[in-house]
Amino acid sequence: MSAIERPLPPLNTDERTVLESWLDFHRATLAMKCEGLDDEQAAVASVPPSGFTMTGLVQHMAEVERNWFRRVFAGEQALPIYDPQADPAASDGGFELAEDATLHDALATWHAEIARARELCADRALTDTGRFMEQDVNLRWIYVHMIEEYARHNGHADLLRERIDGTTGV
């Protein structure tokens with residue numbers, strides 16, 4: 001039994017609740033995929049030549065949260081977390097592991113970015129915009145994109161977790 005709560009998104013509610021609930025559902029799914037892993041397991045690469053790991057995936061999603069909610073939507077000048085020299089416009093970083101990287105630290109950073117994202121969106125309308133590729137992008141689009149991003153990467157997490165210890169599902 002998982003200690004992480006992952007309620008089914010409401011079946012009949014307003015648009016914002018649907019979007020936020022599905023995003024939270026997918027965030028919880030990634031957390032569940034990491035549950036019970038130690039740092040060594042979470043650093044196991046998928047299949048050579050790929051260096052894709054669970055810790056790297058969590059780090060990447062922290063970068064994605066930071067990019068879309070802080071940089072794009074709120075217009076903050078937030079540097080990349082795991083490679084401050086990287087181009088802030090690129091949200092594809094975080095996959096590489098530093099020698100001292102831990103799953104615990106990656107999860108803490110990821111949770112902090114999620115909390116910041118929630119703060120930035122709390123009083124904003126779905127039609128409020130940020131800037132992406134020199135164009136306006138509304139919060140609705142960002143929520144849908146984030147749901148898609150998590151859904152895709154949760155599929156990767158399924159395969160990684162199965163390779164690590166045979167755990168499937170959730």
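Leu8, Leu11 and Trp22 together make a nonpolar surface patch of about 370 Å². For patches, the residues need over 30% relative accessible area and no salt bridge, with nonpolar side chains (Val, Leu, Ile, Met, Phe, Trp, Tyr) joined within 5 Å and like charges within 9 Å. The areas come from the Shrake-Rupley method with a 1.4 Å probe, and for residues only the protein chains shown count as cover.

A quick word on the model: it's a predicted one, where local features need pLDDT of at least 70 and side-chain atom pairs pLDDT 80 or more, while totals for chains, interfaces and linings use all residues. Numbering runs from 1 along each chain as its sequence is written, and side-chain values use heavy atoms, with hydrogens and water left out.

Leu8 sits in the segment before helix H1 (15-34); helices here are DSSP runs (H or I, at least four residues), numbered from the N terminus. Leu8 counts as exposed because its relative accessibility is 58%, given that exposed means over 50%, buried under 20% and partly exposed in between.

H1 also packs against helix H3 (residues 54-73), at an angle of about 155° and with the axes 10 Å apart. Those axes are lines fitted to C-alpha atoms over the stretch in contact, and the angle runs from 0 to 180 degrees between N-to-C directions. H1 and H3 are therefore roughly antiparallel, the label for angles over 145 degrees.

Now the charges. Side chains of opposite charge can pair when their charged atoms come close. The structure holds 16 salt bridges, each a side-chain nitrogen of Lys or Arg within 4 Å of a carboxyl oxygen of Asp or Glu. Here are some of them:

| Salt bridge | Closest N and O atoms |
|---|---|
| Asp128 and Arg124 | 2.9 Å |
| Arg152 and Glu149 | 2.8 Å |

How exposed are the partners? Asp128 is partly exposed at 24% relative accessibility, and Arg124 is partly exposed at 28%. Asp136 counts as exposed at 53%, whereas Arg131, at 48%, is partly exposed.

Arg152 and Glu149 both belong to helix H5 (residues 139-165), three residues apart, or about one turn of the helix. Arg152 is partly exposed, with a relative accessible area of 39%, but Glu149 is buried at 7% relative accessibility. Elsewhere, salt bridges that share partners link Arg66, Arg70, Glu76, Glu113, Arg116 and Glu119 into one network.

Notes: Helix = DSSP H or I, 4+ residues; strand = E, 2+ residues; numbered from the N terminus. Buried < 20%, exposed > 50% of the residue type's maximum accessible area, 1.4 Å probe, protein only. Parallel < 35°, antiparallel > 145°, perpendicular 65-115°, else oblique.
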